[in-house]
Amino acid sequence: MLLACDRDNQAAQAKGQNPPPSSVSDATLPTLTLPSDAGPPPAFDGNRAMQYVKDIVAFGPRPIGSANHRKVEDYIISHLKQDTVEEDTFTADTPEGKFSVRNFIAKFPGTKDGIIAIASHYDTNYPLRNTSFVGANDGGSSSALLLEIANQLRSKQREGYSVWLVWDDAEESIKPDTEVPFASDSLYGIRHLAEKWQADGTLKKIKAFLLADMVGDADLNIDRDLNSTPWLESVIYEGATRLGYQSHFFGRTNQVTDDHIPFKERGVPCADLIDFNYGYNNVFWHTPQDTVDKLSPKSLEIVGAVILETIRILDKMDPLPPK
Ligand SMILES: [Zn+2]
C-alpha cells in the first residue's frame, strides 16, 4: 500500500507525498446511534492466528510467479476445505511481464440479503524478491487473521449478512514505486475482482468492504484512514470500544492507497484497518526486518475480535447508512 499523506511519518513525506489538508485530517468521525449488543465478546484465537503467520512466513518470500507463492496458495486453500471457495484467476499484464494472479473467496452465507467482504493480500513485495523479505506483518498477519476468522465463522448459523473472506493476490507493486507509479502498478488482484463483481452484479450486494493490512504489530495503533468511509469507521470504533480496545484505534490519521480503493471508487463503503507505523517511523515496512518477532498474538486477537464485533453491529443496522 502507499501512504498518500501522513503528518507524523517523515519517511513517507520524504517520498514526495502531500500532507493532508488539516481541515480534512482533523475532522471527527460521525456520531451514529448504533444497535445494542448482547452476549459474550466474539471469540478469536490470537495464538492460532500467530501460528498461521509463522507457517506462512516459513515458506520464505512469496512474490507472484514464485514457487513459494504457489505453496502459500495451497496452504490457504488447505484450511478452507470445508468451505465454499470461489477462485478468481486471470493473467495480469505488468511492467515485468505477464503473471498468473489468483484471488480466493471463502463464502459464509447469512440470513440477510447482502454481503460483508473482508480482504487481505497474501503476496509479498516483488522488488524485494531476492532479499530475505518475508512480509510477516505485510501480507502475513492479515492473511492469517482471515484464516482464523474463517475458523470462527465455520459451521455456525449466521444471523445477518453473508460474510465473504477474500485472500487477494498481487497487491504489491511489481516495479519500485520510484520507477513506475504505484497507482498503475499495484492492486492487480483486487482491481480485477472489483471489475468482475461489477460486471456480474455481485458488487451491488456488498454492504461493506473491510480490509486488513499490517495488523500484527505488537505496538498496535490502527490508523484512521481518510480514504475510508467515515460512518464505517465509526462502527469499527464502536466495536473496538465495546471490547475495551479503543486505545488501539484511530489515534493517528493517514490517507492510505490500498486494496480498498477499487471498491471505494465503485461506491462501496470501505474501511482499511492498517497500522502504517511499523517500528519507529515505519522502519520495518518493506525491509527484511518485517519478521514474526515484531508481532504479537494479542494484536491479532484485537483486530480479529473488533472485525467480528463490527460485523455483529452491522448485522443489526437496518438500514445501513447510504454509501
Ligand atoms: Zn507491502
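1. In this predicted model, the axes of helix α3 (residues 46–58) and helix α5 (residues 136–153) come within 8 Å and cross at roughly 135°. That angle makes α3 oblique to α5, and the crossing in which α3 passes α5 is right-handed.

2. The contact between these two helices can be read residue by residue. On the α3 side it involves Arg48, Ala49, Tyr52, Val53, Ile56 and Val57, and these meet a set of residues in α5 that includes Ala136, Gly140, Ala144, Leu147 and Asn151. Sorted by class, the contact of α3 with α5 has 8 nonpolar, 5 polar and 2 charged residues.

3. Phe44 is placed in the loop between α2 (22–25) and α3. Is Phe44 buried or exposed? With a relative accessibility of 10%, Phe44 counts as buried, because the cut-off for that class is under 20%. Leaving aside residues up to four places away in sequence, Phe44 touches Ala49, Leu145, Glu148, Ile149, Gln152, Leu300, Glu301, Gly304, Ala305 and Leu308.

4. Helix α9 (residues 297–316) has 20 residues and reaches 29 Å from its first C-alpha to its last, which is close to the 28 Å expected at 1.5 Å a residue. Of its 20 residues, 16 are buried, so α9 is largely enclosed by the rest of the structure.

5. The segment after α9 contains Pro319, and the peptide bond that joins Asp318 and Pro319 is cis, with omega at about 0°.

6. Two residues with positive phi deserve a look at the backbone. Ser155, in the loop between α5 and β5 (161–168), has a positive phi of about 65° although it is not a glycine; at 71% relative accessibility, Ser155 counts as exposed. Met214, in the loop between β6 (206–213) and β7 (222–225), has a phi near 55°, again a positive value in a residue other than glycine, whereas its relative accessible area of 0% means that Met214 is buried.

Technical notes: Residues are numbered from 1 along each chain as its sequence is written. This is a predicted model: local features need pLDDT of at least 70, side-chain atom pairs count only at pLDDT 80 or more; totals for chains, interfaces and linings use all residues. Side-chain values use heavy atoms; hydrogens and water are left out. Helices (H or I, at least four residues) and strands (E, at least two) are DSSP runs, numbered from the N terminus. The expected span of a helix is 1.5 Å times one less than its number of residues. Buried means under 20% relative accessible area, exposed over 50%, partly exposed in between (1.4 Å probe, protein chains only). Axes are lines fitted to C-alpha atoms, for helices over the stretch in contact, and angles run from 0 to 180 degrees between N-to-C directions. Angles under 35 degrees count as roughly parallel, over 145 as roughly antiparallel, 65 to 115 as roughly perpendicular and the rest as oblique. A crossing is left-handed if the near helix is turned anticlockwise from the far one by less than a right angle, and right-handed if clockwise. Contact means heavy atoms within 4.5 Å. Ala, Val, Leu, Ile, Met, Phe, Trp, Tyr, Cys and Pro count as nonpolar, Asp, Glu, Lys and Arg as charged, and the others, Gly among them, as polar.
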